[in-house]
Amino acid sequence: MYHPLKPKVMKKIFFAAALLLAGIATAQADGRERPISIDQLPDRARQFLAAHFGNLTLAFAVEDPKFIGSEYEVTYTDRTEVDFRSDGEWSSVERRYEAVPAAIVPPQIADYVARSNFPGQYVRKIDRNAYTWEVELSNGLEIEFDNRFNVIGYDD
């Protein structure tokens with residue numbers, strides 16, 4: 001015999017279970033960074049650091065748990081900072097006192113900086129995501145490019 005309350009009770013149970021699981025997942029990604037060793041970084045991140053910053057001294061590395069995966073930040077004693085996505089791909093590199101490695105600056109961006117009115121300037125910070133690239137020059141000027149390397153904005 002069909003009872004009209006059973007579907008409603010099942011919906012409530014399902015809803016309560018979904019809330020419980022969401023709460024557990026949120027607790028796991030509470031936004032608190034935790035210190036890690038270089039060995040705990042994804043392989044791609046370790047390879048990137050070895051290739052471009054192997055001569056620097058590590059200050060610290062942290063993992064920032066997110067709802068899905070983690071992000072990572074590595075800081076060296078000269079205040080160089082490198083951020084990585086959960087897959088180990090770099091998302092940002094910032095050097096305080098020197099240029100970022102030329103090998104990570106796309107040629108289109110390097111050519112634009114070299115041929116524009118920025119004599120003596122170098123890229124000290126570079127950020128990338130799926131849609132844009134942003135560089136900061138040594139004079140503080142920020143230039144934003146789309147994913148086809150067309151200039152879409154300046155900020156100083």
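What follows is a short chat about a predicted model.

Colleague: Let's begin inside. Which residues touch the most other members of the largest nonpolar core?

Modeller: That core has 30 residues. Among the elements giving it two or more residues are α2 (43-53), β4 (81-84), β5 (90-94) and β6 (123-128). The residues that touch the most other members are F48, L49, F84, V93 and I126.

Colleague: And which element gives the largest share of this core?

Modeller: Several elements give two or more residues, including α3 (107-115), β7 (132-137) and β8 (142-146). The largest share is four residues, and it comes from α2.

Colleague: What does V93 touch, leaving out residues up to four places away in sequence?

Modeller: V93 is one of the residues touching the most other core members. With residues up to four places away in sequence left out, V93 touches F48, F53, E81, V82, V100, I104, R124, K125 and I126.

Colleague: On to the rings. Are the planes of F48 and F84 stacked or edge-to-face?

Modeller: The structure holds eight aromatic pairs, and I'd pick this one to look at. A pair of aromatic rings is described by the distance of the centres and the angle of the planes. Here the centres are 5.9 Å apart and the planes sit at 85°, which is over the 60 degrees needed, so F48 and F84 are edge-to-face.

Colleague: How many residues apart in sequence are the parts that this pair ties together?

Modeller: F48 is buried because its relative accessibility is 11%, under the 20% cut-off. F84 is buried too, at 1%. F48 belongs to helix α2 and F84 to strand β4, so their pair ties together parts whose separation in sequence is 36 residues.

Colleague: What kind of pair do Y112 and F118 make?

Modeller: Both residues are buried. Their ring centres are 6.4 Å apart with the planes at 50°, which falls between the 30 and 60 degree limits, so the pair is tilted.

Colleague: Which residue lies over the face of W90?

Modeller: W90 belongs to a cluster linked by ring pairs, together with F48, F53, Y76, F84, W133 and F149. At 4.1 Å from the ring centre of W90, the residue lying over its face is R128.

Colleague: Is R95 buried or exposed?

Modeller: R95 sits in the loop between β5 and α3. Its neighbours, leaving out residues up to four places away in sequence, are F53, L56, D78, T80, V100 and R124. Its side chain also makes a polar contact of 3.1 Å with that of D78. At 7% relative accessibility, under the 20% cut-off, R95 counts as buried.

Colleague: Which side chain does D64 join in a polar contact?

Modeller: D64 is in strand β2 (residues 58-65). Its relative accessible area is 13%, so D64 counts as buried. At 3.0 Å, the side chain it joins is that of K66.

Colleague: One last thing: what is the phi of R79?

Modeller: Most residues other than glycine have a negative phi. R79 lies in the loop between β3 and β4, and its relative accessible area of 42% makes it partly exposed. F149, in the loop between β8 and β9 (151-155), isn't a glycine but has a positive phi of about 70°. R79 has a positive phi as well, near 75°.

Technical notes:
Residues numbered from 1 in each chain as written. Predicted model: local features only at pLDDT ≥ 70, side-chain atom pairs only at ≥ 80, totals over all residues. Heavy atoms only, no water. Buried < 20%, exposed > 50% of the residue type's maximum accessible area, 1.4 Å probe, protein only. Polar contact = N/O pair within 3.5 Å; in protein donor to acceptor, adjacent residues only side chain to side chain. Core = buried A, V, L, I, M, F, W, Y, C linked by side-chain atoms within 4.5 Å. Contact = heavy atoms within 4.5 Å. Phe/Tyr/Trp six-rings, centres within 6.5 Å; stacked < 30°, edge-to-face > 60°. Lys NZ or Arg CZ within 6 Å of the ring centre and 35° of its normal.
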